[in-house]
Amino acid sequence: MEQSEVRSALIDGIEKDCFFKTLDEFEFKAIHVAESVIIEALVNLHNESILDLNAQFLELKRSEDRQDFYSLIFIYCSALPRLNCSVTDVVSVFLRLKRENIPDADFEQAFFLFCKQNIDRSKVALPHLLELSEQCHMLVSNTIMAAEEFDSTWVMDQLSVLAQHHSTDIRWQAYLATGLVSLTDGEIPKIRLELLEKAFTNETEAKAKSGIFRAAGFLAKQTPSLWPHVDLLLDKCLEALEVELLYEASYLLAHGRKDVPDDTVQLLLSYLKQTSPNHGGILNNLSYFISDAIKANHFSMAEELLEALLLKNEELRIDDFQFLTHELVNEQSSAFLNRITTKWFLIGEVQLCKALHDIVLDTGLNGSELSIDKSFIPLSDNELMLLAQKTVGYFYLHPISTISYLLSIIPHGTPDIKSKIGTLIYDPILLSYMGKGKDYLVEKLESFDDDIQIVINKLLSDLDGYCSDIKDASEVKELRAPQREIDLYWKNFNTKMSQSIDKSKKGSIMEFIGTQTILYGHDVMSHIHMGSETKRSINTMHSFSHSSELPKLSVIDPEGLDIMLRVFRTKRLKNETDS
């Protein structure tokens, strides 16, 4: 639409008292495009006194249906910096949005740009905001920073005064502005840091201290030469291990790691390693940090943090780190996963081994391929055997992970160790997973070295012999169960399965899903209503299936298998005093 058409439509909406309805009728793209003619027309109408945009938005109500509040607030915030109006009118609109619980995500930045047009706006807005309710306190920092290009002395004076304000929220805003304000000439950065140091000495509220911590980080990023001095302040902030400050430390690592020196990272990690598992927000931030560290090949930093947290907190699980398990099983993280698998099995601590089990569990039923980390080679026979037994003990339910890791150990062991590991692969893994296990070995046979191929061929030969013996035994009539008993077993099994399915549907979403019983045929006919017309759609049904392999030894010898896996999980090196 041309600007003249938009202008006419807006004027008509104002005269007919349907201003917001008129805005709703504009296309989304026309509003959100750069240099929108709609926003341009609104600015002109307001500045020509034909329309009072603030007065219109003071009438906005949450209860009104069919209002695209996001677009409406976007329109107002986009127009605000160019409006000729008083600060008090703008603040009144902000309060109206708060009272009506209308999203105002863009308002703070828009108010900053509005005040930035004229220093008088900041000087009028600041005392006005301080007199109003706490809802307006969030605008204080932007109000002060908007004046930085006009009067740096006034800005520093306000920051110094408000740092001693009785309201915690106001002090937090003052600290934040101290860190963010773009005053970097001469000695001003040092003065800002001294202001934060003095404030921390007098501060008693943890929330306000968190503002000092965040501001110090912003300040150091602006002026990197201050990092050594900022580190001293961060160290003081974290000494008491207050949750709010630990969260700020984790946030700095998660979202600003590239600009933080290694010495500062180590300082923050030394405190974060003492985090408890009930600090969900901190653990989420650490998930981002660990993920980024792995991608940057900073393995030692990531593994040391994980080890410290898991060993310190028995109730902490690797799943508590938000999306981290999913990241660890990605192909890009395979080197790190191989490293911690080797290292943590050698350490032998239950918490670390359980974490490895949970990580592999996230890969699905089959598991992902693993291999020994060669940086730990050479290892003694006892250490290699410990790795093999731990792998079977914790990864037994994931045959691909187990077999691939055991095969990777073989080239680094003596003939005796190779024989023992081959035996472990055969019993219990291959005897339990004659399908998945055998398929994996056949598929990967050609990709292995000659030494491993010899082992695999022997395993496959032994397995074929075992299967042949089982088949021969099954033909012995005396060993068969009577057919009547077999029929009764499956009848009872099907009855219990049907009852279980019916029971699981109760209280679930399946109660809301209709079922159809197909009496005959292989097509499904549906009627589709399109206005006054009804069309018939015929779809041919297709079969699908899903299968999973039950570990056979868990049925044949469940007690013996359980004892063996428990023994493997508790194995330690023989020279350990607590073995």
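The questions and answers below concern a predicted model. In this model, local features need pLDDT of at least 70, side-chain atom pairs count only at pLDDT 80 or more, and totals for chains, interfaces and linings use all residues. Residues are numbered from 1 along each chain as its sequence is written, and side-chain values use heavy atoms, with hydrogens and water left out.

Biologist: Which residues touch the most other members of the largest nonpolar core?

Modeller: A nonpolar core is a set of buried Ala, Val, Leu, Ile, Met, Phe, Trp, Tyr and Cys residues joined through side-chain atoms within 4.5 Å. Buried means under 20% relative accessible area, exposed over 50%, and partly exposed in between, with a 1.4 Å probe and protein chains only. The largest core has 170 residues, and those touching the most other members are Leu23, Phe57 and Phe111.

Biologist: Which residues is leucine 23 in contact with, leaving aside its neighbours within four places in sequence?

Modeller: Contact means heavy atoms within 4.5 Å. With those neighbours set aside, the partners of leucine 23 are Leu10, Ile31, Ile38, Leu42, Leu72 and Ile75.

Biologist: How many Å apart are the end C-alpha atoms of helix 27?

Modeller: Helices (H or I, at least four residues) are DSSP runs, numbered from the N terminus. The expected span is 1.5 Å times one less than the number of residues. Helix 27 (residues 450-474) has 25 residues and should therefore span 36 Å; the distance in the model agrees, at 36 Å.

Biologist: Which helices do the buried residues of helix 27 pack against?

Modeller: The buried residues of helix 27 are Ile452, Gln453, Val455, Ile456, Leu459, Leu460 and Leu463. They pack against helix 24 (399-409), helix 25 (415-432) and helix 26 (436-444).

Biologist: Which residue forms a salt bridge with aspartate 451?

Modeller: A salt bridge is a side-chain nitrogen of Lys or Arg within 4 Å of a carboxyl oxygen of Asp or Glu. For aspartate 451, the closest N and O atoms are 4.0 Å apart, and the partner is lysine 418. This pair links distant parts of the chain, 33 residues apart: aspartate 451 is in helix 27, and in helix 25 is lysine 418.

Biologist: Is lysine 420 exposed or partly exposed?

Modeller: Lysine 420 forms a salt bridge with aspartate 416, with 3.4 Å between the closest N and O atoms. Both lie in helix 25, four residues apart, about one turn of the helix. Because its relative accessible area is 40%, lysine 420 is partly exposed.

Methods: Helices (H or I, at least four residues) and strands (E, at least two) are DSSP runs, numbered from the N terminus.
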